[in-house]
Amino acid sequence: MKPIRVVEMDYQKDQIRARFNNRSEKVEFMYNKDLQARVEAVLPEFKKALGLDEDIKALEQERTKHLDLIHGHTRQVEDSETALREKVSKLENKINSYKTENELSSMGIYDIEIETSRYRDSEPYSPRLDKVEDWCTSVCQAMQKAKDKETGNELAIQIEHIRELKELAKSYLYEGNDLSGACEKIQACYQRAGIRTINSVSDVPMLAIGNESDSA
């Protein structure tokens, strides 16, 4: 048996990380593309069910009116901002109550906070209503992922298996002192994860295009 030296250990760990990360990125890209399409399909119905489209439309009108008043009388502007803030707070409470009632925290969904888009105190209060769209998208994504877990989405399963195989491959480096044995098991993890590796010239097929013999 050939003991695993520190430099060899570090090399193998780097290879495992790079190869599995590359494989994960490719599968996750395909999954996220599919997930985004499904989220876009259910998002309108989700917002409609919560009545958020009407809320946003009404708030947008109020926001526009408020911004038009910015050069008006100070008291008028202050009253307008107070009224707008109250309506924004009401919408936040509505959304956050839905989150609490449906226990969305377990899916990584947090309370929404519709902050202002102003950068200086001298600028008018202008709520970021796009935050509502972002929150709804996050909820739909979380729900779709939960559904994928229950139904066994193929790409979601692959992502999980790749993570498991990555950890398993790393564990083989600490099993004993046999480098060749560890590399053989790690290679099996690569193959199981669909990672193509080149260990010798025989692993690469002959290139048929542009061979020097063709021009002879």
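A residue is called buried when its relative accessible area is under 20%, exposed when the value is over 50%, and partly exposed in between (1.4 Å probe, protein chains only).

**Figure 1. Overview of the predicted model, with its helices and its buried residues.** Of the 216 residues in the protein, 30% are buried. The protein has six helices and zero strands, where helices (H or I, at least four residues) and strands (E, at least two) are DSSP runs numbered from the N terminus. The order of elements from the N terminus is α-α-α-α-α-α. A contact means heavy atoms within 4.5 Å. Among the contacts with a separation of 6 or more, 68% join residues 24 or more positions apart. Residues are numbered from 1 along each chain as its sequence is written, and side-chain values use heavy atoms, with hydrogens and water left out. Because this is a predicted model, local features need pLDDT of at least 70 and side-chain atom pairs count only at pLDDT 80 or more, while totals for chains, interfaces and linings use all residues.

**Figure 2. The largest nonpolar core.** A nonpolar core is a set of buried Ala, Val, Leu, Ile, Met, Phe, Trp, Tyr and Cys residues joined through side-chain atoms within 4.5 Å. The largest such core has 43 residues, and F20, V132 and W135 have the most contacts inside it. Two or more residues of this core come from each of α1 (6-50), α2, α3 (74-101), α4 (130-151), α5 (154-172) and α6 (179-192). The greatest contribution, ten residues, is made by α1. Leaving aside residues up to four places away in sequence, V132 touches L52, I56, L91, I95, I112 and I114. In soluble globular proteins, nonpolar side chains tend to be buried together.

Figure 3. L52, L59, R63 and H66 are buried in α2. These residues lie on the same side of α2, because they cover an arc of only 60 degrees around the axis, the arc being that of the directions from the helix axis to the C-beta atoms. The buried residues of α2 pack against α1, α3 and α4. On the face turned away from the buried side are the exposed residues E54, K57, K65 and D68.

**Figure 4. Residue D68 of helix α2.** D68 belongs to α2, which comprises residues 52-68. With a relative accessible area of 62%, D68 is exposed. The C-alpha atoms of D68 and P124 are 9.9 Å apart, although the two residues are 56 positions apart in sequence.

Figure 5. A salt bridge is a side-chain nitrogen of Lys or Arg within 4 Å of a carboxyl oxygen of Asp or Glu, and the whole structure holds 19 of them. In one of these, the closest N and O atoms of K13 and D10 are 3.9 Å apart. K13 and D10 are three residues apart in helix α1, which means a separation of about one helical turn. K13 is partly exposed at 29% relative accessible area, and D10 is also partly exposed, at 36%. A further salt bridge joins the side chains of E60 and R63 (2.9 Å, N to O). E60 and R63 both lie in α2, three residues or about one turn apart. E60 is partly exposed, with 30% relative accessibility.

Figure 6. The side chains of E133 and K47 form a salt bridge of 2.7 Å, N to O. This pair links distant parts of the chain, since E133 lies in α4 and K47 in α1, 86 residues apart. E133 is partly exposed at 32% relative accessible area, whereas K47 is buried at 14%.

**Figure 7. Residue E103 in the loop between α3 and α4.** E103 lies in the loop between α3 and α4. Although E103 is not a glycine, it has a positive phi of about 50 degrees. E103 is exposed, with a relative accessible area of 59%.
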